[in-house]
Amino acid sequence: MRARTAPHDDPPTSPKRGDTMLDLTSDVADLTAAIVDTRSESGDEKALADAVESVLSALPHLTVTRDGDAVVARTHLGRERRVVIAGHLDTVPIVDNVPSHVEGERLYGCGTSDMKAGVAVQLKLAALVTEPVHDVTYVFYDNEEVDAVRNGLLRLSRNHPEWLAGDFAILMEPTDGVIEGGCQGTMRVDVRAYGKRAHSARSWKGENAIHRAGAILDVLRAYTPRQPEVEGLTFHEGLNAVFVEGGVAGNVIPDECVVRVNYRYAPDLSPADAEAHLREVFEGFEVTVTDSSAPARPGLDDPSAAAFVTAVGEGRARAKLGWTDVSRFSELGVPAVNYGPGDPMLAHTRDEYAEIPQIRVAQERMAAWLTGRR
């Protein structure tokens with residue numbers, strides 16, 4: 001058996017590969033900055049995936065495999081249980097918020113909160129905790145911020161389900177340092193209003209589909225979202241227009257208008273329930289489902305989840321008000337929770353940041369849990 005590496009010992013470094021070099025001996029905040037400064041918008045994760053694969057492949061206690069721009073590193077210590085720690089490499093599009101910069105104790109930049117701070121914590125744990133009390137699988141994957149069909153974790157679950165096998169999983173999504181149970185489902189639908197084309201100089205000869213779409217917006221304005229309690233956690237639903245498309249030409253009365261609607265729903269509903277609800281809400285209009293990802297119930301009564309809440313979350317947990325790949329693990333039969341540094345309310349914003357002390361605390365708590373310390 002190898003000598004145990006203490007959580008604060010420096011891990012080995014690896015040779016440079018490609019254009020990006022990550023230093024696993026650096027402070028976790030500095031590592032976060034380096035990851036933020038490596039552009040990785042959805043579909044463009046290769047440089048960061050190369051860098052992650054390079055530094056992990058240099059660690060002798062890990063076996064590293066890759067599928068596309070998803071990298072998986074595993075320990076093989078023969079422990080009774082295996083935990084999976086997962087995080088996505090991609091971000092939403094950059095809006096003049098890279099490179100990163102520090103103001104006081106805040107690290108600013110695209111993806112600092114969602115979720116490159118969490119990825120940095122994963123990398124530090126993979127390097128420093130060489131003999132955890134559980135075998136560990138570290139998963140770094142691509143295309144989480146786009147349509148479900150492109151999701152890297154979904155691809156892994158189809159191509160290599162054995163890579164994701166485990167007794168418990170943690171998604172290092174931003175939770176502001178609080179454990180969040182389950183996740184909401186998300187569904188996008190196109191709601192269509194039809195009319196009749198005509199010359200705009202003789203508009204009374206036609207029916208304006210854009211005007212008719214006003215009734216769709218009226219439904220949305222009048223809608224009251226549910227706030228159901230599921231397994232002791234309170235969720236807050238949302239139903240919103242996110243895109244409107246209509247029009248033919250500057251002198252034509254349009255005969256079609258599409259309002260794209262996003263429904264975020266609590267895990268007491270199934271995707272079939274959600275679709276039925278939307279068809280009822282928009283009765284009289286054509287409704288087409290364009291994207292759907294199932295929710296996940298909190299599942300905090302699972303012994304592994306309950307122990308994690310006690311050890312890392314100091315007994316506190318709340319609902320995840322959003323969709324995460326906790327859903328994927330739920331579908332695979334692996335109990336999972338969300339836990340990571342960063343405020344989820346800042347995700348996808350121009351002024352996104354992560355609190356540096358919170359990143360360090362997340363590393364310390366996760367390292368203590370993986371090594372059996374309290």
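The side chain of His61 reaches the backbone oxygen of Ala126 at a distance of 2.7 Å in this predicted model. His61 itself sits in the loop that runs between helix H2 (46–57) and strand S1 (63–67). With a relative accessible area of 9%, His61 is buried.

Although Phe235 and Leu321 are 86 residues apart in sequence, their C-alpha atoms are 6.3 Å apart in space.

Across the whole structure, six aromatic pairs are found. One of them joins Phe168 and Trp369: the ring centres are 6.3 Å apart and the planes meet at 75 degrees, and because an angle over 60 degrees counts as edge-to-face, the pair is classed that way. This pair links distant parts of the chain, with Phe168 in strand S7 (residues 168–171) and Trp369 in helix H10 (residues 356–371), 201 residues apart. Both Phe168 and Trp369 are buried.

Trp369 also forms an edge-to-face pair with Phe308, at 4.8 Å centre to centre and with 80 degrees between the planes. Here helix H8 (residues 303–311), which holds Phe308, is linked to helix H10, which holds Trp369; the two residues are 61 apart in the chain. Phe308 is buried, as is Trp369. Together with Tyr339, the residues Phe168, Phe308 and Trp369 make up one aromatic cluster.

Finally, the cysteines may be considered. The whole structure contains zero disulfides. Cys183 is buried at 0% relative accessible area, and Cys257 is likewise buried, at 1% relative accessibility.

Key: Residues are numbered from 1 along each chain as its sequence is written. This is a predicted model: local features need pLDDT of at least 70, side-chain atom pairs count only at pLDDT 80 or more; totals for chains, interfaces and linings use all residues. Side-chain values use heavy atoms; hydrogens and water are left out. Helices (H or I, at least four residues) and strands (E, at least two) are DSSP runs, numbered from the N terminus. Buried means under 20% relative accessible area, exposed over 50%, partly exposed in between (1.4 Å probe, protein chains only). A polar contact is a pair of N or O atoms within 3.5 Å; within protein, one must be able to donate a hydrogen and the other to accept it, and residues adjacent in sequence count only if both atoms are side-chain atoms. A disulfide is a pair of cysteine sulfur atoms within 2.5 Å. Rings of Phe, Tyr and Trp (its six-membered ring) pair if their centres lie within 6.5 Å; planes under 30 degrees apart count as stacked, over 60 as edge-to-face and the rest as tilted.
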